[in-house]
Amino acid sequence: MDALFLVGRFLFGLLFVVSGLAGHLAGYRQLAGYAAAKKIPFAGPAVLVSGVMIILGGIGIIAGIWADLSALAIAVFLVITTASGSAV
């Protein structure tokens with residue numbers, strides 16, 4: 001059962017690491033343009049900060065280092081992006 005937990009934790013964290021690297025940092029211009037179109041204040045810096053936030057959150061979950069704080073960072077990211085994306 002411990003092995004299954006570790007595999008699940010790895011896959012869950014990897015989802016956010018890849019999303020942060022490929023979506024937020026590699027696709028920065030496109031995502032910043034999308035955020036600006038949604039009238040997100042400081043769209044460029046917001047994309048960078050949120051990208052770094054979910055990358056570090058994913059790494060923390062994978063490594064088990066401050067996993068509770070990492071999960072909280074990801075939860076805050078998801079709540080804010082869901083609220084700002086659906087409200088506009």
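**View 1. Ser70, a buried residue of the predicted model.** Ser70 is buried because its relative accessible area is 8%, which falls under the 20% limit for burial. The model shown here and in the views that follow is predicted. Ser70 belongs to helix α4. Apart from neighbours within four places in sequence, the residues in contact with Ser70 are Leu56, Gly57, Gly60, Ile61 and Ile65.

**View 2. The protein chain as a whole.** The protein chain contains 4 helices and 0 strands, and its pattern along the sequence reads α-α-α-α. The C-alpha trace spans about 45 × 25 × 20 Å along its principal axes. Of the 88 residues in the protein chain, 26% are buried. The accessible surface amounts to about 5,800 Å², and carbon and sulfur atoms account for 79% of that surface. Among contacts in the protein chain with a separation of 6 or more, 55% join residues 24 or more positions apart.

View 3. Helix α3 covers residues 43-63, a run of 21 residues. From its first C-alpha to its last, α3 reaches 30 Å, close to the 30 Å expected at 1.5 Å a residue. Just after the helix, Gly64 adopts a positive phi of about 80 degrees.

**View 4. The largest nonpolar core and Ile61.** The largest nonpolar core consists of 5 residues: Phe16, Ile54, Ile61, Ile74 and Phe77. Helices α3 and α4 (67-87) each contribute at least two residues to this core. Ile61 has contacts beyond its neighbours within four places in sequence. Its partners there are Arg9, Phe12, Gly13, Ala67, Ser70, Ala71 and Ile74. Of these, Ile74 is also a member of the core, while Ser70 is the buried residue of the opening view.

**View 5. The largest pocket and its lining.** The largest pocket holds about 450 Å³ of space. It is lined by 18 residues, and those closest to its centre are Ile40, Ser50, Phe77, Thr81 and Ser84. Helices α2 (28-37), α3 and α4 each provide at least two residues of the lining.

Terms used. Residues numbered from 1 in each chain as written. Predicted model: local features only at pLDDT ≥ 70, side-chain atom pairs only at ≥ 80, totals over all residues. Heavy atoms only, no water. Expected span 1.5 Å × (residues − 1). Buried < 20%, exposed > 50% of the residue type's maximum accessible area, 1.4 Å probe, protein only. Contact = heavy atoms within 4.5 Å. Areas by Shrake-Rupley, 256 points an atom, 1.4 Å probe, with all protein chains shown as cover. Core = buried A, V, L, I, M, F, W, Y, C linked by side-chain atoms within 4.5 Å. 1 Å grid on protein atoms, 1.4 Å probe; cavity = no way out; pocket = protein on both sides within 12 Å on 5 of 7 lines; lining within 4 Å. Points joined across faces, edges and corners; volume = space filled by probe spheres on them.
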